[in-house]
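Keep the structure in view while reading.

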Amino acid sequence: MALPRLVPPSTADASAGESLRAEVRRFLAEQLAAGTFTPSPDAWLSCWDENFTRALAERGWLGMTVPVAYGGHGRSFLDRFIVTEELLAAGAPVAAHWIADRQIVPSLLKYGTEFQKREFLPKIARGECFFGIGMSEPDSGSDLASVRTKAERVDGGWALTGTKVWTSGAHLAHAFIALVRTEPVDPAHRHGGLSQFIVDLRAPGVDIRPIVSMNGAHHFNEVILDNVFVPDTMVFGTIGEGWQQVTSELAFERSGPERFLSTFVLLDKCAESMAAQHIPHSADLGRLVARIAGLHQMSSAVAGALERHEPADVPAAVVKVLGTTAEGDIAEFAHLSAEAAAGQNFYTMSNAAVDQRPGFTLRGGTNEVLRGVIARGLGMR
């Protein structure tokens, strides 16, 4: 018997949640039957399909938490959580809209101007506007306080100069939100003097260079900003408060189901193949299923906290550390189980997951650094 796609939802709004979950599963089954996509691990990062994104938008599954006044659907974080869980579990190609819908939408709602909300939110909800994240730099990964890209005041706006790296989808996206220095570094207050800007990735002075992985995949990029003009209308939030803004955004980036379901399609396939061949399920498989069930509960709890506008930085970091470790362990288990789960497609997927495994614990903040975040957060309680 195949592994259940996910554990049951929480009791809150269970009936409505189950109805929505069933609707998404029917849609995915139809898409698979039509050959619209091939399931893939890590699809939220590496599988860019704008047609699939538009199909989701047509069903109201993008911009779900965006108010109707801004072109969205006014639904809850938990509704969105259900949809994203099912898409990830199926290995669906959601990379095109992922960052915009996951991270940019709540950030715009919290920090965006009225102009920015009306400019971007309806387009994101329609699957017409794609974003990247301009945080990391060549010498500034998890230590974002050390960013060196600078913004200087010019007539009517700002001029940005510097380099961003590991920018997923920048070669296809329309814009990214860049974290830059608007004041020199103060050693006593390293997190001060940072600001955020919405940067048009097709503007003059933007040079996007591909970073090709060892397996030939291209989704990362280096983005070089050479005196790029950003108008005052694209200042994001408040000048000088970039650190506070970016740390609140990271709760959305670190706590979502993509932090533990990137390789779930492999786990599902392993269980299905073992059952079909009457191979006894191993204790390792059982432990992995149990870990995913626990992470589902933890991640949905963070979604509930975000719904209530409660701080969730530390719980999000916990989900990220435990989740990315689990999905890496699933990749290894699937790779070792390739003979049991016979088939060239599975073999190819498991190899790809193992290739990607080192990145699981790096993206969104390295697990080593996040353990420090967790320790400090728990120590303050």
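The residues that line the largest cavity divide into nine nonpolar, five polar and four charged. In this count Ala, Val, Leu, Ile, Met, Phe, Trp, Tyr, Cys and Pro are nonpolar, Asp, Glu, Lys and Arg are charged, and the others, Gly among them, are polar. A cavity is a set of points on a 1 Å grid over the protein atoms alone where a 1.4 Å probe fits but cannot get out, and lining residues have an atom within 4 Å of a point.

The model is predicted, so its local features need pLDDT of at least 70, side-chain atom pairs count only at pLDDT 80 or more, and totals for chains, interfaces and linings use all residues. Residues are numbered from 1 along each chain as its sequence is written, and side-chain values use heavy atoms, with hydrogens and water left out.

The structure holds four cavities of 30 Å³ or more. The largest cavity contains about 210 Å³ of space. A volume here is the space filled by probe spheres set on the grid points, which are joined across faces, edges and corners. Eighteen residues line the largest cavity, and Phe-77, Arg-80, Phe-252, Gly-256 and Leu-306 lie nearest its centre. Helix H4 (77-89), H5, H7 and helix H9 (283-307) each give two or more residues to this lining. Helices (H or I, at least four residues) and strands (E, at least two) are DSSP runs, numbered from the N terminus.

Phe-252 belongs to helix H7. Is this residue buried or exposed? At 16% relative accessibility, Phe-252 counts as buried. The cut-offs are under 20% relative accessible area for buried, over 50% for exposed and in between for partly exposed, with a 1.4 Å probe and protein chains only. Phe-252 and Pro-106 are 146 residues apart along the chain, yet their C-alpha atoms are separated by 8.1 Å. Gln-245 also lies in helix H7. Its relative accessibility is 2%, so Gln-245 counts as buried. Between Gln-245 and Ala-57 there are 28 Å, C-alpha to C-alpha, and the two are 188 residues apart in sequence.

Now turn to the open space. The largest pocket holds about 930 Å³. A pocket is an open set of points with protein on both sides within 12 Å along at least five of seven lines. Its lining has 36 residues, and the closest to the centre are Trp-166, Phe-220, Leu-362, Arg-363 and Gly-364. Two or more lining residues come from each of helix H2 (43-46), helix H5 (95-111), strand S6 (206-212), helix H7 (242-255) and helix H11 (344-360). Which element gives the largest share? H11 does, with four residues. By class, the pocket lining has 16 nonpolar, 13 polar and seven charged residues.

Next come the strands. Strand S3 (residues 157-164) and strand S7 (residues 218-231) pair in the antiparallel sense over seven bridges. Two strands pair if DSSP finds at least two bridges between them. Trp-158 has Val-230 in S7 as its bridge partner. S6 and S7 also pair in the antiparallel sense, over seven bridges. Five residues lie between the strands in the hairpin of S6 and S7, where Gly-216 takes a positive phi near 90 degrees.

Two helices deserve a look. H9 has 25 residues and reaches 36 Å from its first C-alpha to its last, close to the 36 Å expected at 1.5 Å a residue. The expected span is 1.5 Å times one less than the number of residues. Buried residues of H9 include Leu-285, Ile-292, His-296 and Leu-306. After H9 comes His-309, with a positive phi near 60 degrees.

Helix H8 (residues 264-276) has 13 residues that should span 18 Å, and its end C-alpha atoms are 18 Å apart, which agrees. H8 is mostly covered, with ten of its 13 residues buried. Among them are Phe-264, Asp-268, Cys-270 and Met-274. His-278 follows H8, and its phi is positive, near 60 degrees.

Finally, the cysteines. How many disulfides are there? The count comes to zero, where a disulfide is a pair of cysteine sulfur atoms within 2.5 Å. For Cys-270, the nearest cysteine sulfur is that of Cys-47, 18 Å away. Cys-270 is buried, with a relative accessible area of 1%. Cys-129 is buried as well, at 6%.
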